[in-house]
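Welcome! Let's look at this structure together and ask how each description of it can be backed up.

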Amino acid sequence: MKARLEALCKKSIAECSYEEIYRALMTIVKEESKAREKAVKGRKLYYISAEFLIGKLLSNNLINLGIYDEVDGLLKESGKSLAELEEIEPEPSLGNGGLGRLAACFLDSLATLDLPGDGVGLMYHCGLFRQNFRNHCQNETPDYWLDGAQWAEDTGKTYEVSLAGKEYEARLYRLDVTGYDGRTNKLNLFDLDTVDEGIISEGIQFDKTEIDKNLTLFLYPDDSDDEGRKLRIYQQYLMVSAGAQMILEECEKRGCKLHDLADYAAIQINDTHPSMVIPELIRLLGEKGIAFEEAAEIVTKTCAYTNHTILAEALEKWPESYLEEVVPQLMPVIRKLDEAVKEKTDREDLAIIDKGHLVHMANMDIHFTHSTNGVAALHTEILKESELNQFYQLYPEKFNNKTNGITFRRWLLSCNHELTEYIESLIGPGFKKDASELKKLAAYGDDQKVLKRLMEIKTANKKKFSDWLFKKQGVALKPDSIFSIQSKRLHEYKRQQLNLLYLIHQYFEIKNGHLPAAPITAVFGAKAAPAYITAKNIIHALLTLSKVVEKDPEVSKWIQIVLVENYNVTAAEKMIPACDLSEQISLASKEASGTGNMKFMLNGAVTLGTMDGANVEIADCVGGENIYIFGQSSRQVIRLYEKGDYCAREWYETDPNLRRAVDFIDGELMLSEGDEGSLRSLKNELVGKDWFQTFPDFNAYVVRKNQAVTDYAVNPEKWAKMALLNISGAGYFSSDRTIAEYNEDIWHLGETEEVSGIEEEAVR
Ligand code: F55
């Protein structure tokens, strides 16, 4: 390795800059990955998704290729460090939250399990925005992550895509996805050569009508106006049309007669953003002479759909007129699909096109794929029983659950070296390939030496995180305080505002001499969608409160509130190993699964959460005594919505503690630091609506959280044992398990039903 590196750099490692070493290692990784490419036999998966939140690639690739320790050693010998080297790599900005990160974990697991499966998506030039805080507000700028050396390679291949009657060329870029001791698959990303970053002005503003210049500039451009919504359709069609052409081409190259497409390809539709792949494939098969009925059948057998939400407003419904304008070639197909449904049933809620001329993408997915899955047990039950019950009655056989998972390579091996080493010293290395082996750790639940060491590692990680944050934001943390962390997209249903109310409540308690059992460091990481005003108001309130607390010498001894700027995968990798208390406090029934919850437990944090999403299964795995559960059940919440008589103001008027906290939001102190309009409007939103029912859960949250803080302070052995049992119970949440289930129930990769006469060969 040393010789190879030095040959590439043409000098000794000690003489190289980090930039030179980075480029050389990138070359080596690419060569090693190439050697792990394999011919595809039978069915291959295409995971099509608008987002792949892959995170930095170098370290993870080194781990998966089994050369991390060697490289680490070599750098150390030359007075350099891999940690510093990591700093120069920009993080690919290709996703915004759980859905995109899930796609990245799935690619890692597919390659690790030696399954043929590629990703298909878009190459956003500036990805999601970069977040910074100014005047206690979120400010957005473009994230030019594409500057510098690239992992993605230009394949030189292009596909013609017709948008609003004009032809565009989608260029295919490819990244290697190498599994841990596994094969190399690909992430296929499409882009237009004509896209021009020069049209960005003032933050992340740009002309939304110049499609050739703006199409792949940003992920999820602001959809608060019609232009923005149309742009999303343009993006989605570019992805699915180029993707579908690539898939058909690959299959045909492998000898597939398109009548047998389902024997060669499985297509997983990640939420509704890629749903147009269904009519697009039918259209393309039609061009190749396959009649509509048969094409629809082939596509149904090939495609499967994953639902990630029950929030009605997040289920995409496009006006027929927009689709007619942007993708006129698809409308005849979509109308035929709609007619086929209407022949079967006249229920309006099953229709693809409703009476108001909206095209329901999820409805099309469920009718014309063979599988619809939810992402956690509770979520799937809610889909079957309420949200999608009409579909469940029609197609009970299509519905199934696939509880989400995370890749332990990135979320333990790579982000928490010390813990990984320590676990290995206790139970051997088997857990790296078979996560269920983590169970063996439970045997050490009463071993004081082990518990002590575990807490030392946690403290070391808290220090490391604190150092990193100090460098980045100039904020120093107290490692002996309890670190409570809530990191996820800013959304009302996730209820960062409930955490805000708790912190205000504590402020008053401290002022009145009721001190918490331990000092509390409340850390947040969250981006708000640029057009989501209430989410931005919540960020503003948190930043303002942070300042108010900091300025108060009495309170700041006990509470520190920190918002980590520009929360992304890289930040998550620093924050998660440092967490004591994992905040998973969504309104029960609203968080489909959550995956941060899994990452935190795996790194020895204890969960404070509602019985929502995968929290329910986490509670099952660790046992009720190793998790802090509070709040209304999903049944209670759903009933309250059905009755329609939730009145936030009543709670506000009858609970003095709650009222005191809510009134503080636009009280004198907050106004002395923050913006009156924003703070007032947040308070009014809460008192007048509180759509996600923070008030009914407020007291339970305060009590449970204080219990956790007390246990942490007063009973450190109990706490350490809980942390250990959380790690040991995390095995189920490996995405290797999730992917094995998808393969077993939905994809059947590598298998063919009919053997085609032609010898199968590698695509590449
Ligand atoms: C992005 C854009 C639109 Cl238009 C709609 C949804 C999203 C998005 O980011 N969704 C998302 O991240 N959903 C999350 O998926 C995770 C993986 O399944 C779940 O764990 C999480 O509960 C869910 O909110």
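Q: What makes the radius of gyration of the protein agree with that of a compact globule?
A: A compact globule of 764 residues would have a radius of gyration near 27 Å, and the protein has 26 Å, so the two agree. Please keep in mind that this is a predicted model. Along the principal axes, its C-alpha atoms fill a box of roughly 80 × 70 × 50 Å.

Q: How many helices and strands does the protein have, and what share of its residues is buried?
A: The protein has 33 helices and 19 strands. Of its 764 residues, 52% count as buried.

Q: Among contacts between residues at least 6 apart in sequence, what share joins residues at least 24 apart?
A: That share is 74% in the protein.

Q: Why is lysine 599 called buried?
A: A residue is buried if 20 or more other C-beta atoms lie within 10 Å of its own. Lysine 599 has 29 such neighbours, so it counts as buried.

Q: Where is lysine 599 found, and which residues does it touch?
A: Lysine 599 is found in helix α24, residues 596–602. Leaving out residues up to four places away in sequence, lysine 599 touches Ile406, Trp411 and Ile576. An unreviewed UniProt entry places the feature "modified residue: N6-(pyridoxal phosphate)lysine" at Lys599.

Q: How do you know that the span of helix α20 agrees with its number of residues?
A: Helix α20 covers residues 496–511, and at 1.5 Å a residue its 16 residues should span 22 Å. Its end C-alpha atoms are 23 Å apart, which agrees.

Q: Why is α20 called largely enclosed by the rest of the structure?
A: Because 12 of its 16 residues are buried, α20 is described as largely enclosed. Its buried residues include Gln496, Leu500, Tyr502, His505 and Tyr507. After α20 comes glycine 513, whose phi is positive, near 85°.

Q: What is the reach of helix α21, and how many of its residues are buried?
A: Helix α21, residues 533–550, has 18 residues and reaches 26 Å from its first C-alpha to its last, close to the 26 Å expected at 1.5 Å a residue. With 13 of its 18 residues buried, α21 is mostly covered.

Q: Which residues come nearest to the ligand, and how does the shell around it divide?
A: Of the 17 residues around the ligand, Gly97, Gly98, Leu99, Ala592 and Ser593 come nearest. The shell divides into six nonpolar, 10 polar and one charged residue.

Notes. Residues numbered from 1 in each chain as written. Predicted model: local features only at pLDDT ≥ 70, side-chain atom pairs only at ≥ 80, totals over all residues. Helix = DSSP H or I, 4+ residues; strand = E, 2+ residues; numbered from the N terminus. Expected span 1.5 Å × (residues − 1). Near = placed C-beta within 6 Å. Nonpolar A, V, L, I, M, F, W, Y, C, P; charged D, E, K, R; others polar. Rg over C-alpha atoms; globule rule 2.2 N^0.38 Å. Contact = placed C-beta atoms within 7 Å. UniProt positions renumbered as here; feature names shortened; annotations may be inferred.
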